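Look at the model below before reading on.

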Amino acid sequence: MDIDIAIVGAGAAGIGAARRLSGSGLKVTMIEAAPRIGGRAWTLDIAGIPLDMGCAWLHSASRNVWTGLAETAGVKIDRKPSGWAVQYQDLGFTPAEQREASASFERWTETLLTAPPASDIAAEALEPGNEWNNHIRTKVGYISGGVLEEMSAKDYATYEAASTDENWRLPGGYGALITSHLPEGTRLRLSTPVQSISLTGGGAALETSAGTLRAKAVILTVSTAMLAGETIKLPAGLAPWREAAANLPLGRDEKAILEVVKNGPFAPETHLFGNPRDLKSVSYNIRPMGYPTIECYLGNDSAAIVAEEGPAAAFAHAIDGLTRLFGAQARDCVRPLITTGWTRTTHIGGSYSYAKPGQAGARRTLARPFENRLFFAGEATSPLDYTTAHGAYESGMRAAGEALATLRPQPSL
Ligand SMILES: Cc1cc2nc3c(=O)[nH]c(=O)nc-3n(C[C@H](O)[C@H](O)[C@H](O)COP(=O)(O)OP(=O)(O)OC[C@H]3O[C@@H](n4cnc5c(N)ncnc54)[C@H](O)[C@@H]3O)c2cc1C
């Protein structure tokens, strides 16, 4: 056997697993398809601005494991409440409309929690004819990346009930915090996609682009899109795991980041919905944390613009939304900086997982070990904090604990 444990994937879950195994004395190797670690946790430094392309918010911040890790590392946390619920100067969205729209959203959420539809289809909790249904759909697009007709009411409600609704930020970048927590000395192979995993006598063989690696146990942290797809050939016995992954598809969420080149009408730390009645509406965070940027959040229908028409179309859409609210002058005050492209990123394939109707239990199925040799982690396997970087991290810790217990059984008394 070459090693004890192979960790496939160096995202938040892989880093959680590596930290749990650090100091165990076991020989561990982390194998990552991309040329960088972090996966969906990625802070890109452009023009001195740390831009979070993936996770950016410490959700459920007071009980988020990364909050404690940031504090211990002396990393600055911005604890200001998010401005998501506030429409800057009520532009394009009167106070009365804002009240009705948020009351409609709250009623929809309450229905999911207290009187969920028997079909488990989240769309069936919408009030027929409510004029804010598009707004609810668009907001869920930012939160879950999915379409309500294809989404489990129970899965959405379970996350919602567990969330503390505190959302803090890291001026130095969430991705940077996460990648800085890979334990020193971790054996890491970058740019090495795992092509197949098969069980062998005492463990597993991993075929990679750089040859075969034999391990006693494997911790798989790849996204559900990868597990359900064809990029890794897995043992036939894993069909139920692959089916669970297919029932937990990744949503579509992208960001387009604009640079503010003239302050013009843009007040720092403000928020706007582009057009609260439009399914393709963009949610704008203006000059967050003092940076000269506008983060344009594109959920589901608007995220599709990036995948289907490309970054230039996404920028045009985001800037049109701003000029609609601020007038033509807004156009001269911004310039495109970068968009994400998660849906088309080869080894990820989307933003984060939601469950199909009737499939909330797929998360538990996916988290089960297979033959005491393959262990599963990743945001989609978190019992309550799926979709998040802290849920991913804790799932990696959990899977590594399971692998440790198998390789080092406790003596019975
Ligand atoms: C736009 C966007 C915004 C988000 N915002 C937030 C937020 O504000 N707060 C929050 O908590 N979360 C947010 N998230 C979600 C969060 O980023 C993820 O839930 C989390 O980072 C997932 O970590 P993971 O380790 O489970 O998966 P990943 O990060 O996907 O890690 C899996 C790794 O496996 C690698 N891999 C895949 N296939 C192979 C292979 N065959 N061989 C080897 N390696 C392979 C991938 O390259 C990847 O690096 C956001 C995500 C996106 C996309």
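This is a predicted model. The ligand is surrounded by 42 residues, and the closest of them are Gly-9, Gly-11, Gly-39, Cys-55 and Thr-388. By type, the shell around the ligand consists of 21 nonpolar, 16 polar and five charged residues. At least two residues of the shell come from each of helix H1 (12–21), strand E11 (253–260) and helix H12 (389–407).

Nine of the ten residues of H1 are buried, so the helix counts as mostly covered, a residue being buried if 20 or more other C-beta atoms lie within 10 Å of its own. Among the buried residues of H1 are Ala-12, Gly-14, Ala-17 and Arg-20. The cover over the buried residues of H1 includes strands E1 (3–8), E2 (28–31) and E10 (211–220), along with helices H6 (174–179) and H12. After H1 comes Gly-23, which has a positive phi near 85°.

Next comes the nonpolar core. The largest nonpolar core has 112 residues, and Val-218 and Ile-219 touch the most other members. Domain 1 and domain 2 both contribute residues to this core, so the core lies between them. Leaving out residues up to four places away in sequence, Ile-219 touches Ile-5, Ile-7, Val-8, Ala-17, Phe-375, Ala-377, Ala-399, Ala-400 and Ala-403. One of these contacts, Ala-17, is also a buried residue of H1.

Note on methods
Residues numbered from 1 in each chain as written. Predicted model: local features only at pLDDT ≥ 70, side-chain atom pairs only at ≥ 80, totals over all residues. Core = buried A, V, L, I, M, F, W, Y, C linked by C-beta atoms within 7 Å. Buried ≥ 20, exposed ≤ 12 C-beta atoms within 10 Å, placed from the backbone. Domains from an automatic or database assignment. Contact = placed C-beta atoms within 7 Å. Near = placed C-beta within 6 Å. Helix = DSSP H or I, 4+ residues; strand = E, 2+ residues; numbered from the N terminus. Nonpolar A, V, L, I, M, F, W, Y, C, P; charged D, E, K, R; others polar.
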